[in-house]
Structure formats: structure tokens, C-alpha cells
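Reader: I would like to know how the words used for a fold are tied to numbers. Please take me through one chain, term by term.

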Amino acid sequence: MSFASGSLRPLWVSILLIATASTPSAFAGEELLPELKVNFLALKNYRPADVSKVHAAAELIERTVNSSEFREAVLSFTFKGARRFNDNNGLTNEEIYRKLREGNELLLGRTDYTADFDLQLYVPRFWQSRNVIGYTNPDEMRIYVNRRFFEKFTIAEIAANMIHEWTHKLGFGHTYERTPDRPYSVPYGVGRLIQELGPDLLDGGPAISEAH
Ligand SMILES: [Zn+2]
């Protein structure tokens with residue numbers, strides 16, 4: 001749905017816009033949130049072509065997380081018939097959305113509206129699994145990305161993996177085992193939203209926010 005902006009907007013369009021604005025998605029103070037920016041603290045072992053790819057993924061993350069489509073998708077996220085995420089740390093969808101926008105990583109402890117990424121590409125050694133896309137540890141900002149996947153992944157898949165690992169930095173987890181409920185955790189759920197919504201938003205130019 002898109003409307004041309006301008007002062008000659010017919011009445012029925014205005015009524016539709018009001019209807020859009022009054023969905024349960026709006027919550028107090030939301031409109032005051034600055035846009036989330038992606039920042040790279042480090043890009044270790046990234047060659048020039050890798051840097052281009054990861055920058056494109058960062059742009060996809062910014063476009064998507066700041067879009068009205070993403071907001072709607074997070075706020076209406078449903079797990080087992082209720083509007084919630086699995087493994088949500090006791091937070092509502094609204095609170096999770098706010099956390100994603102605020103960018104307050106546990107280890108940095110600052111609400112700077114910035115997703116800070118410390119990334120390192122690695123080639124699995126013989127003792128490491130070749131099938132792990134990426135991993136991180138709770139006591140460090142660094143996120144390790146398997147070059148094997150990075151090279152064959154689309155921009156959207158790279159972005160989804162980045163946001164997955166980054167939500168761990170915000171304190172969200174998931175089961176280690178591949179259970180039926182795991183895709184509804186914050187890391188997997190938000191990762192999937194980025195992958196699904198991102199490509200259209202990137203191709204379609206600036207996201208149209210009609211309700212504000
Ligand atoms: Zn994970």
C-alpha cells in the first residue's frame with residue numbers, strides 16, 4: 001500500500017491513514033526513537049570484496065530495522081497463539097522492539113541507537129565444526145563468522161546472521177538444540193524477519209512510512 005503525499009490527499013485516504021495509525025502497534029514514545037545505525041568496531045580478516053558485502057548487509061539491516069514493516073512484524077510476532085517471542089526474557093514484543101532500536105549491548109552498556117559489530121571471518125580448523133554459520137561468546141563483543149558461509153550467502157542471509165548474533169549481545173538466547181520452538185526465539189525470529197523483509201526494502205528505495 002502506498003500513497004502519493006501532498007496536500008490534495010482525498011478524504012478517504014486520510015481515513016485510511018488514521019486507521020493505520022491506530023493499530024495496536026503504536027506505543028508511547030516510539031516516535032521519538034532515533035534511527036538505528038550500524039557501526040563496525042572491527043572487521044578482522046575481511047578482504048575488500050568481503051567489506052563491500054558486509055557494508056551492503058549493514059545497509060539492509062538499517063533499512064529494515066527502521067522500517068514500519070519491520071516494526072509491525074516484531075509487534076505482531078506470534079508464538080504458540082500469543083503475541084510474543086519464545087525465550088523473550090520476560091519482555092513484550094514492544095519492549096523487544098525498543099531494545100532492537102536502542103542498541104544497548106550488554107557489554108557496552110550504552111543506549112546509543114547503534115548496532116555495534118566486531119566481526120571476524122574465520123576458516124574452521126580441523127577441530128571446529130564446518131557447519132556453524134557463526135558464533136559468539138557472552139564475554140566478548142566479537143562475532144566469529146564462518147567464511148565458508150559468508151562467501152556463498154546472499155546479502156540478506158549475511159544480514160540475518162549478523163542480527164541473529166547481535167541479539168545475543170542484547171542478551172537474547174535460544175536453545176542449543178534445533179527444537180520446533182527455536183525459530184520463534186528473538187535471534188532466529190528477528191533474523192528471519194530481516195531476511196524476509198530486507199530485500200524488498202533495499203530494492204524498493206526508502207521505506208514509506210505512511211502512518212507518521
Ligand atoms: Zn544463536
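Author: Two strands pair if DSSP finds at least two bridges between them. Helices (H or I, at least four residues) and strands (E, at least two) are DSSP runs, numbered from the N terminus. This is a predicted model, in which local features need pLDDT of at least 70, side-chain atom pairs count only at pLDDT 80 or more, and totals for chains, interfaces and linings use all residues. Residues are numbered from 1 along each chain as its sequence is written.

Reader: How do you know that β1 and β4 pair?

Author: Strand β1 (residues 37-44) and strand β4 (residues 114-122) are joined by seven bridges, and at least two are required. They run parallel.

Reader: Which other strands pair with each other, and over how many bridges?

Author: β4 and strand β6 (residues 142-146) pair in the parallel sense over five bridges, with Gln-120 opposite Tyr-144 of β6. β5 and β6 run antiparallel and are joined by three bridges; there Tyr-135 stands opposite Tyr-144.

Reader: What makes the sheet open, and which are its edge strands?

Author: The four strands come in the order β1-β4-β6-β5, with mixed pairing, and form an open sheet. Its edge strands are β1 and β5 (134-136), each of which pairs on one side only. From one strand to the next the twist averages 30 degrees.

Reader: Which helix packs on the sheet at β1 and β4?

Author: Helix α2 touches β1 and β4, and its direction makes about 155 degrees with that of β1. Helix α6 lies across β4, β5 and β6, at about 15 degrees to β5.

Reader: Why is α3 called oblique to α4?

Author: The axes of α3 (residues 68-75) and α4 (residues 93-102) come within 8 Å and cross at roughly 140 degrees. That angle makes α3 oblique to α4. In this contact Arg-71, Val-74 and Leu-75 of α3 meet residues of α4, among them Ile-96, Tyr-97 and Leu-100.

Reader: What makes a set of residues a nonpolar core?

Author: Such a core is a set of buried Ala, Val, Leu, Ile, Met, Phe, Trp, Tyr and Cys residues joined through C-beta atoms within 7 Å. A residue is buried if 20 or more other C-beta atoms lie within 10 Å of its own. The largest core here has 38 residues, of which Ala-57, Ile-61, Ala-159, Met-162 and Ile-163 touch the most other members. α6 supplies the largest share, eight residues.

Terms used
Axes are lines fitted to C-alpha atoms, for helices over the stretch in contact, and angles run from 0 to 180 degrees between N-to-C directions. Angles under 35 degrees count as roughly parallel, over 145 as roughly antiparallel, 65 to 115 as roughly perpendicular and the rest as oblique. Two residues are in contact if their C-beta atoms, placed from the backbone, lie within 7 Å. A residue is buried if 20 or more other C-beta atoms lie within 10 Å of its own, exposed if 12 or fewer, and partly exposed in between; C-beta atoms are placed from the backbone.
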